Amino acid sequence: MPRLVAVLMLFTTGLVAGCASAPGDSALFVLDDGPEPASGAPIPGAPTLSVDPVVIADYLNQGGIVFQTAPYKVVIANNNRWAAPLAGQLTDTLYNVLSRRLRQINVQRGRARGDTAFALVTRVEKFYGSHDGQAHVAGVWQLVDDQGTPLRRENFDQAIALDQDGYGELVAKLSEGWQSIAADMSPPIAASLSQR
């Protein structure tokens, strides 16, 4: 147990040191956006699911990668930043995964209208590394009809163990967690739309 504590403290120290590193040590990171989106013509008569832009908590929207150093404290890296807005990257991955997994549904970007049009509204509250040696991804998604009436709402919360220190590892695990969450959304969305 003392060895585990020592390892976690070294990991935390390494990541926090990266936040305060010299300007020459800066790096930009992108998420793995998952599989290529499905291609092909829309399926006549199938429901349409619009993937709305993912909304992220304000503290995640500062450009820097976030790391939790204590139960109630996070730091935002100055020199280890997202190469593109995080919300857009999350939206791209979500769309790619769902378009591949929901093959009997017309998955698209942007709102559709009509009796068979639905939208996925997603908010991410946690997307960071932590002093506990894990990457954390948490939030909520909601399926609504074209009038905005909620049909289904589910929370998600996943922690993925970090195998080594460094921002590259953290970004890889955050990508893995987000793709897993997107994949987990597919069955309940498909089930909900099949009942409409």
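The largest share of the lining of the largest pocket, three residues, comes from strand E6, which spans residues 106-109. Helix H2 joins E6 in supplying at least two lining residues each; helices (H or I, at least four residues) and strands (E, at least two) are DSSP runs numbered from the N terminus. This is a predicted model, where local features need pLDDT of at least 70 and side-chain atom pairs pLDDT 80 or more, while totals for chains, interfaces and linings use all residues. Residues are numbered from 1 along each chain as its sequence is written, and side-chain values use heavy atoms, leaving out hydrogens and water.

The pocket holds about 260 Å³ of space. Its lining has 14 residues, with Gly-40, Ala-41, Ile-105, Asn-106 and Val-107 nearest the centre. Eight of the lining residues are nonpolar, five polar and one charged.

Now follow H2 itself, which runs over residues 86-101 and reaches 23 Å from first C-alpha to last, close to the 22 Å expected at 1.5 Å a residue (that is, 1.5 Å times one less than the number of residues). Twelve of its 16 residues are buried, meaning under 20% relative accessible area with a 1.4 Å probe, protein chains only. Among them are Leu-86, Leu-90, Tyr-95 and Ser-99.

For a last stop, look at Gln-68 in strand E4, residues 64-70. Gln-68 counts as buried because its relative accessible area is 12%. Beyond its neighbours within four places in sequence, Gln-68 is in contact with Lys-73, Val-74, Tyr-128, Gly-129, Ser-130 and His-131, where contact means heavy atoms within 4.5 Å.

How values were computed:
Buried means under 20% relative accessible area, exposed over 50%, partly exposed in between (1.4 Å probe, protein chains only). On a 1 Å grid over the protein atoms alone, a cavity is a set of points where a 1.4 Å probe fits but cannot get out, and a pocket is an open set with protein on both sides within 12 Å along at least five of seven lines; lining residues have an atom within 4 Å of a point. Grid points are joined across faces, edges and corners, and a volume is the space filled by probe spheres set on the points. Ala, Val, Leu, Ile, Met, Phe, Trp, Tyr, Cys and Pro count as nonpolar, Asp, Glu, Lys and Arg as charged, and the others, Gly among them, as polar.
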